[in-house]
Amino acid sequence: MNPPNIADALAQDLTEKLFPAKYQLLPNLNDVYELALAFYESQILNDKELIENGAYFARVGDAFTRHFLMCTGSPLKLPVHSSSRLKSFFEKNIFRTGYATHGLFPYRGKFHPQMIKGLINIMGLKPGDTVLDPMMGSGTTLVEASLMGICSIGIDASPFCRFMAQTKLDTLNMSLTRAIKALNNYEEVFKYFKKKVGNPNVGVRSTSKKASRGVMSIMEPAAEYATAQDRSRLTKEQRETSDTYNFLLLAYLDSAGYSERSQRKSLLEQFKAILERYLFVAEKIQKVLEGSESDLAPGKALEGDARDLPIEDSTVDGIIFSPPYSFAIDYLKNDAFHLNFLGIEMDCLRDTMIGLRGGNLSEKFEVYQEDMEKVLAECSRVLRPGTICTIIVGTNNNQLGKILGMPSEDVPGLHEILIEMGLKHDFKLLKKISRPITGISNTMRREYIVMLQRQ
Ligand SMILES: C[S@@+](CC[C@H](N)C(=O)[O-])C[C@H]1O[C@@H](n2cnc3c(N)ncnc32)[C@H](O)[C@@H]1O
């Protein structure tokens, strides 16, 4: 055997092997799964599509991509005292998470929006198609789809998620005139919400019995979001009022959540800082979108149950979702504070929340599996044949091992359980990609992207 020619081997460039020379990847593209998604994008999209909707490229020939332009510039208005660690975190994630309105409200377990953009492309979705997220959480899929000209429907059992998702979506193109005025009068606005919504009860996370219907009036403007048709019936001025109201309310609830967790700043200071950040984010994305607002596609955020979707058979062109990670995150406990503010009956909501139903852990796991099978059956029903359902799910083998009484290395990951279920409901496995999760590696070491194709 000839000795390897080290110089020849090292003279090669990996990206040149994978991509045409005119494609320049984004900076900070460090993970193998990102390189894989970039590769599939380059295989599936043409140059024009890559420039308009690609997720992983900075340039195609002389043209910068829209994603690159959308993300560049200062990532976020961080407080001056922020640590260099925090600053570098935001800089590193500028292309992954730090753009558009994704940064409004910190929701646990939300997607990396850039990855969703890449997946929407790889699933073959094109402007004008409709994508569904039956467990939308903070609405990442909806915001991303809208930016790409793809229509979307989002469903979540939590009314707070519906409110948050629709507000993030509307912020892409709402008029900011009144919100800017509100920032100039932040003390007055703060007083208004404090009176209307209340003060956070520091350290108290769940007071489920105390939810009062009285504060439900706070949701009235948000309730106008019922359907896109209802929205289109609003006059321009009504829409502006409603959008501004919801934007300010989200900022107030966000600041209330912060001051509940940390007492470093008063609620008023926190509100001002968060409102400034929200406006910075909104102004930045609206500037980028100037002139192309009509390319934004409509999205509908609905309250509902993923086990019984309010959608007709074979009408959706793609599905992306991330189920609750079995029982790793209690979304109701996490959001108890905001849900209480909004007057939501949490005991009723608990009965619909997948992952929280059932008594002890093994019963919870049984019910979780039954529920997820219903979700997959519904996904199969609403998808057009040949289209793709992508599930993003983390594994928690240590926890599952304890429940099933097995060593954690023998436990089937949640992704495998979901694939098995999918096969029973007219899906075939198209692709499985795994990515490491850093930071919380003790409980959830890897996340899987599972692509199932409807037969
Ligand atoms: C992992 S989170 C989704 C996060 C989302 N991908 C994002 O980017 O923000 C799972 C969501 O499932 C929702 N959920 C739980 N049970 C549900 C049900 N029966 N129907 C619809 N949504 C449900 C929870 O409220 C939670 O927001």
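## Helix α10

Helix α10 spans residues 177–184, and its A179, A182 and L183 are buried. Buried means under 20% relative accessible area, exposed over 50%, and partly exposed in between (1.4 Å probe, protein chains only). Helices (H or I, at least four residues) and strands (E, at least two) are DSSP runs numbered from the N terminus. Down the axis of α10, the buried residues fall within an arc of 100°, so they line one face of the helix. The arc is taken from the directions from the helix axis to the C-beta atoms. K181 and N184, on the other side of α10, are exposed.

This is a predicted model: local features need pLDDT of at least 70, side-chain atom pairs count only at pLDDT 80 or more, and totals for chains, interfaces and linings use all residues. Residues are numbered from 1 along each chain as its sequence is written, and side-chain values use heavy atoms, with hydrogens and water left out.

## Nonpolar cores

The largest nonpolar core has 47 residues; F160, F247, Y252 and L253 touch the most other members. Such a core is a set of buried Ala, Val, Leu, Ile, Met, Phe, Trp, Tyr and Cys residues joined through side-chain atoms within 4.5 Å. Elements giving two or more residues to this core include α9 (159–170), α10 and α14 (236–261). The largest share, nine residues, comes from α14.

F247 is in contact (heavy atoms within 4.5 Å) with residues including L104, T167, A179 and L275, leaving aside neighbours within four places in sequence. A second, separate core of 36 residues includes L132, F365, C379 and Y448.

## Residue L296

L296 is found in the loop between α15 and β6 (299–303). L296 is buried, with a relative accessible area of 16%. Setting aside neighbours within four places in sequence, its contacts are S146, L147, L172, N173 and L289. P127 is 169 residues away from L296 along the chain, yet their C-alpha atoms are separated by 9.5 Å.

## Cavities

The structure holds three cavities of 30 Å³ or more. A cavity is a set of points, on a 1 Å grid over the protein atoms alone, where a 1.4 Å probe fits but cannot get out; lining residues have an atom within 4 Å of a point. Grid points are joined across faces, edges and corners, and volume is the space filled by probe spheres set on the points.

The largest cavity has a volume of about 320 Å³. Of its 25 lining residues, M135, G137, D156, S322 and P324 are the closest to its centre.

How values were computed. On a 1 Å grid over the protein atoms alone, a cavity is a set of points where a 1.4 Å probe fits but cannot get out, and a pocket is an open set with protein on both sides within 12 Å along at least five of seven lines; lining residues have an atom within 4 Å of a point.
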